[in-house]
Amino acid sequence: DHARTAIYMALMSGMILQKSRLLVGMTIGDDGEISFVEEVSGAPYKECNNAGLIEKLYTKSTNIELALAGHVWDKLWELDKDKATKIAHFVRVIGRCTPQTKISIIDCFNREGFITMMCGDGGNDCGALKTAHVGVALSDAEASVVAPFTSMDKTIGSVVEVLKEGRCTLASAFASYKFMIMYGQIETINQMVCAWFAVTFSEWCWVFMDGFWVISMAFSLPFADVADKLAPTRPTSSILGPHTLASTL
């Protein structure tokens, strides 16, 4: 959509605060200098050049937010990737994006080490859906072919549900893994104790331990339901990470 349409949606959804000072960049020179205008008044922003603006943006006291046209981002990314990356941290809206523009935006944040997620509903979103760490298709057409997750209700709110389900699956898988490791440790200690006292388990004990006990627990752990609220951080995904090893030890 047009940048101003997207700005209105961003204001209504809270992505841009009503008290923020929004600067819109619709034109860019051959030297990579963006001409910003005040979104409210339409007056040109003349307080400082782009370098000074970037420096001001990195001070915590500023309330300035940025919006760009798609062709402005494309040219800036082509001319000066470092400058584009610095500005990207404060850009809330980029309007009229081509498929390649979307890919470059995702690539910019990937280079910075961010975990990126893309939502799309058409063929022009396929490249960005594949480039992002998480791709959610709000469609059952072209986008659903390349995206690892597809929402059937076509609403952006389903992204939260996908994240909750994914985290629940991850946590349940690790819970099952840790249970099996601990079960092996406990059974090893049991057999050492039995060997010390020169006794052994009966056949029915083995049936209970290796049959009913293991199978019932291993199948019950993944039945854990998703959390009601999405937590600020995801569960661990490292088998040899400190959280997992601490539980095993």
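A pocket here is an open set of grid points with protein on both sides within 12 Å along at least five of seven lines. Keep that in mind for the views below, which come from a predicted model.

**View 1. The whole chain, for orientation.** There are 10 helices and seven strands to find your way around. With a radius of gyration of 26 Å, well over the 18 Å that the globule rule gives for 249 residues, the chain is more spread out than a compact globule. Its C-alpha atoms fill a box of roughly 90 × 40 × 30 Å along the principal axes. Some 34% of the 249 residues count as buried, and the chain exposes about 15300 Å², with carbon and sulfur atoms supplying 62% of that area.

**View 2. The largest pocket.** This one holds about 1400 Å³ of space. Helix 1 (3–13), strand 4 (91–95), helix 5 (99–111) and strand 5 (117–120) each give two or more residues to its lining. By class, the lining splits into 19 nonpolar, six polar and six charged residues.

**View 3. The second largest pocket.** Here the volume is about 350 Å³. Thirteen residues line this pocket, and Ile115, Val134, Leu163, Arg167 and Arg234 sit nearest its centre. Helix 8 (residues 158–196) is the top contributor to the lining, giving six residues. The lining has eight nonpolar, three polar and two charged residues.

Key:
Residues numbered from 1 in each chain as written. Predicted model: local features only at pLDDT ≥ 70, side-chain atom pairs only at ≥ 80, totals over all residues. Heavy atoms only, no water. 1 Å grid on protein atoms, 1.4 Å probe; cavity = no way out; pocket = protein on both sides within 12 Å on 5 of 7 lines; lining within 4 Å. Points joined across faces, edges and corners; volume = space filled by probe spheres on them. Helix = DSSP H or I, 4+ residues; strand = E, 2+ residues; numbered from the N terminus. Nonpolar A, V, L, I, M, F, W, Y, C, P; charged D, E, K, R; others polar. Rg over C-alpha atoms; globule rule 2.2 N^0.38 Å. Buried < 20%, exposed > 50% of the residue type's maximum accessible area, 1.4 Å probe, protein only. Areas by Shrake-Rupley, 256 points an atom, 1.4 Å probe, with all protein chains shown as cover.
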